[in-house]
Amino acid sequence: MGDAADQRTRIRVVVHKLAFRSGDLTPVNHPEKLAPIPYTNYVPETLLRNMGKWVKTELITPAIVKHVSETGDEVYSVKVIGPPNSRFSADTLEKLCDLADMYGIGVIRPTPQGNVEILTDDEEKARKLEEELRRNGFLVGGWGNHLWNIQPCTAYLTCTTAVIDAPSIAKALGDALVEYVYEKETPAHLSIKVSGCPNACGGAIDVADVAVVGYPAQTPMVDDKWFSSIGSPLDVTAACPVGAITPKRDPSTGKAYGIVIRPELCIACGRCRDTVDAIVYDPKKTGVMVLVGGKASNTGPNGQLMSRIVVPYIPSEPPRWPTLVKVVKRIVDVWVVNANKGERIGDWISRIGWDKFFELTGLPDVRKYLRFSEKPGPLYQPLYRRRLTESYAYLFREYASKI
Amino acid sequence: MASEELPIDPSLWPEPPPKEKVEEYLAELEKGPWPSHVTELKKTKYPVYIYGMGLVAGVTPWATSAAKAPGIYSGVLSRMSHPWTRISPPIFEDHARVLIPSAQVFTTTLLRFLIEASRKYGWGLLQFIGGTGDVVLNVVREKLIELNVFLRRIGLDIGGSGDVMRNTVSCPGPLLCPYAVYDTLKARDFTYSCLIDWATYPQFPYKIKFKYSGCPIDCLKAQARADYVVIGTWRGAPDVDDERLKQWIEEGGDVEELVKSCPTGAISWGGSKLSIDGSKCVKCMECIRRAYPAIKPGKERGLTVLVGGTIKSRNGPKLAKVLIPFIPLPSPDKLEEALMTMFQIVRDRIVPKWDEEGWRRERIGDTLIRVTWHRFLSDFAKFDPDLASKITKVKPTEPYYTYGITFFNMSDEQKKKYLEDLNKAMEAWQ
């Protein structure tokens, strides 16, 4: 690690705590990644002084949180809700930078949920900043018992595997639920995740209060022409968790050139689409499902909870998704009216039970249509079938590796 | 462009949609009070029309491509417009994942440099930040190397894609939050200084992720998303400060409510003294959140290491399992030693074995299910076989557990029936 030590000596701290590196940094000459600079080199003095000394967090308005330190220092973070998929243009970010310099301590902190927090050290300034942000057309709010944000994956913006478009769903849901960001209070923290396919890059679908997941809802078709030029049959065969895919072989040479997908085993998990582009879904059949009630926090009487599917299929209706928006709004509204204070959706459902949940929301009881298992395994429903397909997958895998 | 020139089978893919329809859909997404991504994209050089084509057709308009970037082994992703869009010559969309400072603290000076980079070498568009925890910067293909040099100059780097150790994320921890048990920012920096080789060269069956959460609230959702999760915890009961508790009660704190809020009934109030039964405490943070700083995380602090949480994987979404229940952390400056205990197991035992036995595109959580938990403990983590059997036999008392979400293929009749019922239900909501 002599290199790392050498690199550290090259780091120079300048007035604004920006650590410049010097020397030859061309990747060909120095392919090894450069480790992030230790945080003490860039965190501003106000925060560094109070590291680990915070004693209180307090909600001033739904957009401002106050952190009080043992030393008496106060830091306020003002939360701005970003556009879906946190796609900021350089111009917009520059505007935020200007505001952070004018009213704040010059720190902007993006959060994994797609929000931006601007830090400041004075309540007066924080309130002015909130006003100014609103005047500039930003949506502020979302601290405490409010809708924190709707976090979609990139989907059609750059993704090659997305089944449906997620940012447009986030936009449509946001327009319907925007009152919960500032004006109306919810019983507890609410975060919504939207993912374009079961890979769920939009956030953990299994631990989200409400998750919307793009769902192929069909056995995919294979574009043989394209597959023969870009696909690797054995890779795709190995990717299938239920062994529904077999290689298609040229009878004369025995060489695999394509794949066959057996519809009776396929569970529409999208793993093959993830491996190769030459797999097609019929856009008329694709849809979304809605999961509800997960959380990763070890809080409340239940600790972590895994979400459950409550709506197995709604056909895709871009760009405004009217049915989906109605369903999600209904679930959130019913929860807001019926839950006790401090109860997240998962805790609320654990208390009242799933029968009551379906009764209150008026949604058709999904358990009538599908049977679920709660054990880990290849994404399957009845246990006997899952065991069968697990062995299939194993056999195919072993077979494929021997060729 | 004639259809026979296409590399795809045109009968399976949609036709390019009419221009008016695309513009109508895009305009639809600019309405309403919620911030609009289309409005943002129109301020940049992003080809928003292609996005609109995808929206109308219901199929993604991007296909995989590859950019030539000598010396950059991870962190650059390339797309080209999908053959079905019939855009000729194809439009390329390349983006770089930028490793950002721990806890995503950007000074405006640094951010202004990043904005300058995006204008100079890219499309003036940033994803600030994505689910992986790094900023995604759209870049013009020819300027990729220049961008990397620029980013290195200002103290950042490109990285975190492919079969490498992905970007390590930490919660803000002690920087802004009162509950953090250990210094998550330092832990993240330390991971990079130990495992920089893993972050550079793709060498594994699939990706590796480390995530650091400061307390059991786990705001990062680390246990659902990372292969190796470190969560701050403590042994026994939370620490009660009688002086401060008195002050808290004087300020209007409701002790009865506090006692009632404990899910396991571990708290008892004797009229003047609050006592918490450590053996009953499940670390739900409820009392701490209500009465901080009168009640704090316990004095005997440490780290819990979990393994195998994934969403995108062979066996579907799953939560992580406890690998090491407790690594003692006697004082904050012993953090590096405590983390080293974990790295020794992960770096020297689990990952080499996974490298050997793991199937392609199989994360550790799936390998763990395939080889069973017992074999994982004895063969991968190389625990003493007796200890491994002991661990698997004992019903876990830790608050972490795992099971999966199911996927299924609904038949057309099932779908039709379900939608009929749903529509009927929706009529009643009015």
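The model is a predicted one. Chain A is divided into domain 1 (2-41), domain 2 (49-139), domain 3 (147-217 + 283-368) and domain 4 (221-280 + 383-402).

**Domain 2 and domain 3 of chain A**

- The centres of domain 2 of chain A and domain 3 of chain A, taken over C-alpha atoms, are separated by 27 Å, and the contact takes 16 residues from domain 2 and 17 residues from domain 3.
- About 1200 Å² is buried between domain 2 of chain A and domain 3 of chain A, with carbon and sulfur atoms giving 54% of that area.
- On the side of domain 2 of chain A, Pro84(A), Asn85(A) and Gln113(A) lose the most area to domain 3 of chain A, and together they account for 45% of what that side buries.

**Asp227(B)**

- Asp227(B) lies in the loop between α8 (222-225) and β10 (228-234) of chain B, and because its relative accessible area is 1%, Asp227(B) is classed as buried.
- A polar atom of the side chain of Asp227(B) lies 2.9 Å from the backbone nitrogen of Lys209(B).
- Leaving aside neighbours within four places in sequence, the residues in contact with Asp227(B) include Lys207(B), Ile208(B), Lys209(B), Gly308(B), Thr310(B) and Arg363(B).

Definitions and conventions
Residues are numbered from 1 along each chain as its sequence is written. Chains are lettered from A and ligands numbered from 1 in the order in which they are written. This is a predicted model: local features need pLDDT of at least 70, side-chain atom pairs count only at pLDDT 80 or more; totals for chains, interfaces and linings use all residues. Side-chain values use heavy atoms; hydrogens and water are left out. Helices (H or I, at least four residues) and strands (E, at least two) are DSSP runs, numbered from the N terminus. Buried means under 20% relative accessible area, exposed over 50%, partly exposed in between (1.4 Å probe, protein chains only). A polar contact is a pair of N or O atoms within 3.5 Å; within protein, one must be able to donate a hydrogen and the other to accept it, and residues adjacent in sequence count only if both atoms are side-chain atoms. Contact means heavy atoms within 4.5 Å. Domain bounds come from an automatic or database domain assignment. Buried area is the accessible area (1.4 Å probe) that two parts lose on being put together, summed over both.
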